[in-house]
Amino acid sequence: MTRHLTIITGASRGMGLAMAEQLIDAGHDLLCISRSHNDALGARASARGVRCEQWPQDLTRTEAAAAKLETWLAGREAGAYATATLINNAGVLPAVGPLAAVPATDLSDALRVDLEAPMLLTSAFLRATQNWKAQRKVLNISSGLGRRPMASQAAYCAAKAGLDQFTRCVALEEAGRPNGAKLCSLAPGVIDTDMQIQLRSAEPDRFPDRSTFIGLKEKGVLSSPAVAAARVLAVLARPDFGTNPVADVRD
Ligand SMILES: NC(=O)c1ccc[n+]([C@@H]2O[C@H](COP(=O)([O-])OP(=O)(O)OC[C@H]3O[C@@H](n4cnc5c(N)ncnc54)[C@H](OP(=O)(O)O)[C@@H]3O)[C@@H](O)[C@H]2O)c1
């Protein structure tokens, strides 16, 4: 039987959970990394006879997370998989407000989870799988906010812009290697998750664009996590995945 391995961060809720559910239904072996365990996800995997490990790992602890992933991958059977994929999906918004008003811990945690962790996990993944025969892919979940500035979102916007640029750089590196990995930093559209609730609930005098996010919800233009996940996974499955290292599901 052809086996597919997918490592996904932030699969405990939101779009990451929906992607994990759909990957389990497709029979992928999964490693899920987030702070909390999702019991229903574990039950779904068991019911379908699919391997699904869930690690309780805080991704602000970037070096520990990357080292643990590298060790775990070194323990896999290199020839067992037809594809090996890392999806850097976990994301966090710091407190919504102008830079000078956001606590340093919030800024630092957001930069770690949204940019540093994806870079270190990608580095560990590429190193650990470099001699695998599997087709290797890295999908970084970006945002439209990495491509256009927004007041009171500086750390999130900067982290997502950094995610796009590091993806472009590593895609160039991998293009020159035998069985080089394909990479894409993909904006998933606007999704009806906790992150949107956080934006709509921001203090009005601290967030000039708050009404835009309220309007998106009222007009019903947010995608459900399941629909957004299906769109993202469809991009991942395309034969030309990675040809454009920075993309948007809406293109
Ligand atoms: N929602 C949108 O409209 C939208 C738009 C554009 C891009 N995105 C991007 O899409 C991705 C998924 O977003 P979402 O809306 O599904 O988010 P969400 O519902 O808020 O879920 C965030 C996920 O990230 C994990 N996470 C957060 N902090 C973490 C930490 N310190 N360590 C480990 N895991 C952590 C959470 O798990 P735990 O809490 O269990 O740790 C959770 O599984 C993110 O990268 C986001 O930036 C979302």
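Is Ile 7 buried or exposed? Ile 7 is buried, because 24 other C-beta atoms lie within 10 Å; a residue counts as buried with 20 or more other C-beta atoms within 10 Å of its own, as exposed with 12 or fewer, and as partly exposed in between, the C-beta atoms being placed from the backbone. The structure is a predicted model, in which local features need pLDDT of at least 70 and side-chain atom pairs count only at pLDDT 80 or more, while totals for chains, interfaces and linings use all residues. Residues are numbered from 1 along each chain as its sequence is written.

**Overall fold**

- The protein chain contains eight helices and seven strands; these are DSSP runs numbered from the N terminus, with helices (H or I) of at least four residues and strands (E) of at least two.
- The radius of gyration, 18 Å, is close to the 18 Å that the globule rule gives for 251 residues, so the protein chain is as compact as a globular protein of that length. The radius is taken over C-alpha atoms, and the rule is 2.2 Å times the number of residues to the power 0.38.
- The C-alpha trace spans about 55 × 40 × 35 Å along its principal axes.
- Of the 251 residues in the protein chain, 41% are buried.
- Among contacts in the protein chain with a separation of 6 or more, 68% join residues 24 or more positions apart; a contact requires the C-beta atoms, placed from the backbone, to lie within 7 Å.

**Surroundings of Ile 7**

- Ile 7 belongs to strand E1 (residues 4–9).
- Neighbours within four places in sequence aside, Ile 7 is in contact with Leu 31, Leu 69, Leu 86, Ile 87 and Phe 125.
- A C-alpha separation of 5.8 Å relates Ile 7 to Leu 30, 23 residues apart along the chain.

**Packing of H1 and H2**

- Helix H1 (residues 14–25) packs with helix H2 (residues 39–48) at an angle of about 10°, their axes being 10 Å apart. Axes are lines fitted to C-alpha atoms, for helices over the stretch in contact, and angles run from 0 to 180 degrees between N-to-C directions.
- H1 and H2 are therefore roughly parallel to each other; this term covers angles under 35 degrees, with over 145 roughly antiparallel, 65 to 115 roughly perpendicular and the rest oblique.
- H1 contributes Leu 17, Ala 20, Glu 21, Ile 24 and Asp 25 to the contact, and H2 contributes Leu 41, Arg 44, Ala 45 and Arg 48.
- By class, this contact of H1 with H2 has five nonpolar, no polar and four charged residues. Nonpolar covers Ala, Val, Leu, Ile, Met, Phe, Trp, Tyr, Cys and Pro, charged covers Asp, Glu, Lys and Arg, and the others, Gly among them, count as polar.

**Ligand shell**

- The ligand is surrounded by 26 residues, of which Gly 10, Gly 14, Arg 35, Gly 91 and Thr 193 are the closest; the criterion is a C-beta atom, placed from the backbone, within 6 Å of the molecule.
- The shell divides into 10 nonpolar, 12 polar and four charged residues.
- H1 and helix H6 (194–200) each supply at least two residues of the shell.

**Loop residues with positive phi**

- Most residues other than glycine have a negative phi.
- Ser 152, not a glycine, has a positive phi of about 70°; Ser 152 is in the loop between strand E5 (135–141) and helix H5 (154–175) and is buried, with 22 other C-beta atoms within 10 Å.
- Asn 179 has a positive phi near 50°; Asn 179 lies in the loop between H5 and strand E6 (182–187) and is partly exposed, with 13 other C-beta atoms within 10 Å.

Technical notes. Two residues are in contact if their C-beta atoms, placed from the backbone, lie within 7 Å.
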